[in-house]
Every structure is written in structure tokens, then in C-alpha cells.
Amino acid sequence: EPNRETQALTAGEVAKGSKHGCLSSFRKRLFGGTTSVWGGRCAPFDELDFKQRDHVPFSGWPFQRVHLDPYYARAHDYLHLGTYSYRNSDALNDHERKVIPGLSDQTWQQDTHWKFSLPTHLGKSCRRRVQEAENIQVILRANVTQLLVNKDASRATGVEVATLKGARFELAASRVIVAAGGLESTRLLLASNRVVPEGLGNKFDQVGRYYGSHVSGDLGEVSFKNRANDVHWIYEKSQDGVYAKRNLRLSEEAQKKHGLLNARFILTHPSFADASHGSSVLSAAYMAKRFFKGQIPPEYSKELSSPGFHSVPKHLQNIIFGIPSLIKFSLHWFFQRIIAKRKYPSISLKSKVNRYTIHFDSEQTPNPESRVSLSEKKDQFGMPLVKVDWKFSQKDLDSVMVCYELLREELADNDLGEFTQTPEESRSLVEKGFGVGSHHIGTTRMSSDPKTGVVDQNCQVHGIHGLFISAPSTFSTGSFANPVLTTVALSIRLADHLKSASN
């Protein structure tokens, strides 16, 4: 269960000027990790994410998507996601329905969707299987402080462990799999510097580099014309009972033509914090989110990063004058979210004036100067704290804004609607939201060449037999999608590799 003293070990340092969230807010140090608080949103990476793309520096994985597909399917079982298919035609009723009817199919493709896990807390769902397994021993409240290797750092030999009550011991092992999340796995490699001063797997100064996340936020609001009343904004259930949300994506050809990063777009409600939306539900949700700040999945609490409450009188006015709609929504939320096993993913409201916010999720360019290193400060075990210096590039921002322009022009050319913000206002909105914290990607990236990464295609640290990393830090590129599904798929793939190597 969560423990304050143990959770305090997630402390770390954010470099001055970096738009990165508090490190302890986005990591949960307990059995099951951050699956205890995630929102459940899933999608596999696209085929193009695994390819080398000329317009995306340092892109390309050591294998293609087809090699991961069987493991994505098996990951669906662990995450309770139903059948492995993200094509609307395979999984959704009325599969021809579009998010925004009338957009050009050559540029904007509307054939895929997000799926939503229960969300599954892996620490709970797998607990009994782990307890009953004869070949697994779980030691809780035991903190690995050093990865042990032989004299020439060519082979893993075990781990050093410490507890908050003062016990210290070593565990011998010929194979060690570090599955401690993107930041902590990286910290362990760097801090394990007794044999090699620069840390394990860091011969070419690659550990901690290429730190990426997902840039996400709002492009602005679009006021749709009357004939576009059938825009699709709501969550629905797939044919096997899993919540889904249709999305927009730029075609691969459009991405190549304009040199864009991979992204997804959905229709959603206005910002909770902006009381001008006039919604009693959104105002009540904003007030509740402020009160329960820290207990909400990071991807749903990003806009709560600023301190204090905003426009409280206006929010209270919205609530008071909208009590009937608030009561109706509360009943829906109680039955479909609070007590339901498969929870309604998030607030989704129909706009009375046919105006919706365009929300985006975009990949980030791999950047060797965006990095994780060790702080001079130490925790109570004497381990250096992690220090994060997350950077985004101009390309990350420009790619989102080109998407905005393409969508704005498409809406205007087909007389579908228009953004209520000017291009300058939308750019300011996107820039303001450029900040991350919850997805820790790329710092032990997968590569064929040890000079450009940390682990090989089997997630084994280059040059160290028996030392493996199972975390989103191994992603060569981050794609547009939340990392849990791909992390689980890679973990199952690694398990198969280890079994095969043992036979």
C-alpha cells in the first residue's frame, strides 16, 4: 500500500528553467507503480513510429511494429482491453462515423480510436498470481541501491538492497531486469558506478540522454456550422464492451510532406479552469480537482499545476445556476465511474452551441540534450537523487502549429467551422501548455549501435550480459500514445526472450 516514507524516495531535482513537473507527483513507489493512478488510455504505436524517418532526427527502432503485434495482443489481456484492434471498422459499431465529417481523407484520417483500460491496477490484478507462483518471491519495502556486476562490468551478478529500517543485503543473480520506471531505472544505471565511474551502460555517454515525453494540450476551440452537428465527441463502447474514443490523425503522406511528428486529435470540453464556459459540471469538477489535487491521475490534472483557485465567484455562479444539470451528471458519474468496475474514462459533455476544444497528443523529437543525470543531493541511503533537464525543440512546437494550420484551412475550405482563437492566440495557448512530467521515455533507448543507445533489441544493456531494462526509457521514439501498453508489450517480449535463452 502507499507509504509516505517510501514515496518520499521519489524526490529529485528539476533543472532551472525546465518546464517539467514535480518528480514525486508522477511516480508511485508501491507494488504496481503508477498503474495505481493512471487513466487507462491506450493505443499501440503506429508502423511509421518504428521506421527511420528523414524528418525526425534519431528516429527508427531495431525492429518493426509487426514484431511487437503479438505482444500488444497479449498485453491486452493484462490490461483488460478486449480484442487487439484499433481500427474503427474492426471494433466499433457505426464504424464509418467520423469525428469531423467533411474533412479530406487524403490528409485527415479518421479510422482509429483510443481504448481505455478499467483502468487496471497491475499491483492488484496480478497480486494473487504472483503470490501463488512457485518461482517468484516478492520482497516489499526493499530498495535497490546498486546494480552489481563483475570486475570488468561485462556481466550482471546481482543487486544491493537497503530498507528504511536499516537492513542492507545483496541478492545474487545471473540475470537482472530493472523494471523501475523510466527515471528510476536510469538513476540506477548512473548510480551503479563502483566498477565504472560513469555508470553502467554509459561507455558512450548515452544513459540519461534523449529524455522525452508527450507534448499535449489544446489547439483552441472550434465553432462548428449547423450542418456539422454530427461531430463525434463522446466516449462509446467497442463491440466487446471496452470504452473507446475516436480520433483524428494526419496521414503518413501528409506527415512526410510537411515534415511533421506523429499526433492524434480529439474533440473535448473547454478548459476546466476557464469559468467562461458557463458549465456547472466543469466548474464543479474544477473545484473538486483543486481540492483533491495530488490524488488525480497526472494526465487529467495537468491544468492544476498553477497554485490556488481561479475565478471562484464565477465558478460558484455556474454551479448554483446549473444545479439540475449537475445532479443529472452526478448520477451518471456515480454509476458509470465511481462504482463501475470498468470506469467511464473522463468528463465528456455535449456543447449546446456546437463548439468543442481540439485536444492534441504529439510525439517529441528525440533530443540528446534533453537528459536525466544525477544530482549532488542524496537520499537517506546515500544514493544521488535524480536530476531532470527536460527540453523541447522548436520542431516539437512547430509541428503542432502546422497541424493547427492544416486543420484550420480544411475547416474553412469545406465550410465546416472555424477556430474561435486567432493563430497567434492558439500558438500562445499551445506554448503555455508545453510542459511534461508523467511519461518518462528514451533515457535508456534501444539501438543497434551502443554509440547511439543503451539497450539492444532484446532490452539488454549493451556490453553487459544479463542486465536488462524493462521500462518506457527503452523506447527509441515516443510516438503519440501513452506508454503503458507498449511497456507491457515489451515486457512480455522480454519474458519470452529470457525463457527462450534458458531452454
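**Exercise 1. Classify tyrosine 84 and tyrosine 86 by accessibility, then describe how their rings pair.**

Solution. Tyrosine 84 has a relative accessible area of 23% and is partly exposed. Tyrosine 86 has 8% and is buried, because buried means under 20%. These values come from a predicted model.

Next, take the rings. A pair of aromatic rings is described by the distance of the centres and the angle of the planes. For tyrosine 84 and tyrosine 86 the centres are 6.2 Å apart and the planes stand at 70 degrees, an edge-to-face pair. Planes over 60 degrees apart count as edge-to-face.

The face of tyrosine 86 also has a neighbour: lysine 115 lies over it, 5.2 Å from the ring centre.

**Exercise 2. Decide what kind of pair tryptophan 61 and phenylalanine 475 form, and state which parts of the chain the pair ties together.**

Solution. The structure holds 21 aromatic pairs. In the pair of tryptophan 61 and phenylalanine 475, the ring centres are 5.9 Å apart and the planes are at 40 degrees, so the pair is tilted.

Now locate the two residues. Tryptophan 61 is in the loop between strand 2 and helix 2, and phenylalanine 475 is in the loop between strand 16 and helix 13, so the pair ties together parts 414 residues apart in sequence.

Tryptophan 61 is buried at 7% relative accessibility, and phenylalanine 475 is buried at 0%. Both belong to a cluster linked by ring pairs, together with Phe45, Phe50 and Phe63.

**Exercise 3. Find the buried residues of helix 2 and explain why they lie on the same side.**

Solution. The buried residues of helix 2 (residues 69-79) are Asp69, Tyr71, Tyr72, Ala75, His76 and Leu79. They lie on the same side of helix 2 because they cover an arc of only 160 degrees around the axis.

Then ask what covers these buried residues. The cover includes strand 2, strand 3, helix 4 and helix 13.

Leu79 also belongs to the largest nonpolar core, which has 56 residues; Leu79, Leu147, Leu189 and Leu467 touch the most other members. Helix 13 gives this core its largest share, 6 residues.

Terms used:
Residues are numbered from 1 along each chain as its sequence is written. This is a predicted model: local features need pLDDT of at least 70, side-chain atom pairs count only at pLDDT 80 or more; totals for chains, interfaces and linings use all residues. Side-chain values use heavy atoms; hydrogens and water are left out. Buried means under 20% relative accessible area, exposed over 50%, partly exposed in between (1.4 Å probe, protein chains only). Helices (H or I, at least four residues) and strands (E, at least two) are DSSP runs, numbered from the N terminus. The arc is that of the directions from the helix axis to the C-beta atoms. Contact means heavy atoms within 4.5 Å. A nonpolar core is a set of buried Ala, Val, Leu, Ile, Met, Phe, Trp, Tyr and Cys residues joined through side-chain atoms within 4.5 Å. Rings of Phe, Tyr and Trp (its six-membered ring) pair if their centres lie within 6.5 Å; planes under 30 degrees apart count as stacked, over 60 as edge-to-face and the rest as tilted. A charge sits over a ring if NZ of Lys or CZ of Arg is within 6 Å of the ring centre and within 35 degrees of the ring normal.
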